[in-house]
Amino acid sequence: MQHIDIKEIFENEALINNNVTVCGWVRTARDSKNVAFIELNDGTSLKHLQIVIDKSKGLEYEEMLKVGCAIKVEGQLVPSAQNIVEVNADTLTLLGPAPQDYPLQKKRHTLEFLRTMPHLRLRTNTFNAVFRVRSVMAAAIHEFFQKKNFVYVNTPLITGSDCEGAGEMFQVTTNGYTTEYTNEEDYYTNDFFGTKAGLSVSGQLEGETAAMAMGKIYTFGPSFRAENSNTPRHLAEFWHVEPEVAFAELPDIIELAEEMIKFVIGQVLEKCPNEMDFFDKFFEKGLKDRLNKLISEDFGTITYTEAIELLKKADVDFQYKVEWGCDLQTEHERYISETIFGKAVFVTNYPKEIKSFYMKQNDDGKTVAAVDLLVPGVGEIIGGSEREANYDKLVEAMNIRGMNLDLYGDYLDLRKYGSVPHGGFGLGFERLIMYCTGVSNIRDVVLYPRTVGNVR
RNA sequence: UCCUCAAUAGCUCAGUCGGUAGAGCAUUCGGCUGUUAACCGAAGGGUCACAGGUUCGAGUCCUGUUUGAGGAGCCA
């Protein structure tokens, strides 16, 4: 169907005073005696295109004033004082009518109401802006890593091993509920893979194997967590960015994370000015200032041990007592990133007891080379570490946790043959989108959010 | 999973001390000299989330359930 994107209508000055054809959905219409106005949106632009209907031309137009219908318009593009340009319609075609029970109105709806119709909420300004920003961010992530010679790998979504400590796995099975087996082993050996399988909670372990061959890799794809967590920051299915770098130590990983966050946010500010104005106006006042500040200054850095000292000295009555060895609670993380630093901050070198088996044990014998990136508002958006490269130390850490070493033969081989210092991090893509847009519920930055009890 | 709050017209909400269900927007109809969430007039629209209970009488009080939101835990 030959037509011009509304985005181009607004940007290409050469089109002015020419005849154009545009298609789109009617967002709102205003009718008076001699003239009617339609605001048309085709998804390419946040700004609507005004269509002017001169009633003396005798066009059929009444059905096309209904909010939500799809129309095609041919007419002359003319300058407009208030709207930059507008189209004086010569012909109007109704592509798809919208009956009066169309649920979206031309007024503002609550995000809660829009969540009840994930298919139609996409036709609102908010979701138009969210998914354009999401798309630009995804492209920026690829661009960042590709320019740095990282190889994009796709780790398996179905896995036999659990990335320990990263949450509950969804089980993958072809055994129906009517099948009966006498014991668990019998059940799994008769299943599709002949063993217990699940959806991956992280591609890290497989990513490490790739990094130990290709040097620098990244994954960018879905991860699945069956945790019963009901918060505005958790999804059962989310997109995970997981770079893994050989010949790298913890400071290299921190530098990479900071550089990546700054690049992606810089791209959004540059390529989505209208969307960012929209978010700044309707979702978080001062959003653009906050992001511009973020990309122009260094992130904070503090060790876990230093953070504990500062929290102990803080004149705040925390609900959870601060003691070296405890994991940082949300209230502590907020105090560090929002009150102490007032910006993004890396917290490093956590006690080994509260972190995963694969993290490199530091020489102090008490901590591991882990890092979390805390940002004001959203909390933790990155978790990473230098990995334990020493075979014996890794085996020891796994034994302490009572893990079955037989399931990790491939992983242990990496330390047996040509082991090198390496590390990486995991970024929750949706959390970065929240941080970038000011949208405060993760369900509103995903097309069809999957959460506990919701798989529509 | 735990804690708190909420659920009234299609949407957003009001509803006083327990006494006949309200507004704005939307919809439909009519009007209006180019409007910007247009404006003006009229009409239609209700199982007050669901199930019990207290009461002469419950949208309002009590109990349970469901759904949603926020916080916590877990995490990205």
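# Exposure, salt bridges and RNA contacts

Q: Why is Glu-297 called partly exposed?
A: Glu-297 has a relative accessible area of 25%. Buried means under 20%, exposed over 50%, and partly exposed in between (1.4 Å probe, protein chains only). The value of 25% falls in between, so Glu-297 is partly exposed.

Q: What kind of model is this?
A: This is a predicted model, in which local features need pLDDT of at least 70 and side-chain atom pairs count only at pLDDT 80 or more, while totals for chains, interfaces and linings use all residues. Residues are numbered from 1 along each chain as its sequence is written, chains are lettered from A and ligands numbered from 1 in the order in which they are written, and side-chain values use heavy atoms, leaving out hydrogens and water.

Q: What makes Glu-297 and Lys-293 a salt bridge?
A: Their closest N and O atoms are 3.5 Å apart. A salt bridge is a side-chain nitrogen of Lys or Arg within 4 Å of a carboxyl oxygen of Asp or Glu, so this pair qualifies. Side chains of opposite charge can pair when their charged atoms come close. Lys-293 is partly exposed, at 41%.

Q: How do you know that Lys-147 is exposed?
A: Its relative accessibility is 57%, over the cut-off of 50%, so Lys-147 counts as exposed. Its salt-bridge partner is Glu-143, with closest N and O atoms 3.6 Å apart. Glu-143, at 32%, counts as partly exposed. Both residues lie in helix H3 (residues 125-147), four residues apart.

Q: Why are Glu-338 and Arg-334 said to be about one helical turn apart?
A: They are four residues apart in helix H10 (residues 330-341), which means a separation of about one turn. A helix here is a DSSP run (H or I, at least four residues), a strand one of E (at least two), both numbered from the N terminus. The two side chains also meet in a salt bridge, at 3.3 Å from N to O.

Q: What makes Arg-30 one of the residues around RNA strand B?
A: A residue is near a strand if one of its heavy atoms lies within 4 Å of it. There are 47 residues around RNA strand B, and Arg-30 is among those that come nearest, including Lys-107 and Arg-431.
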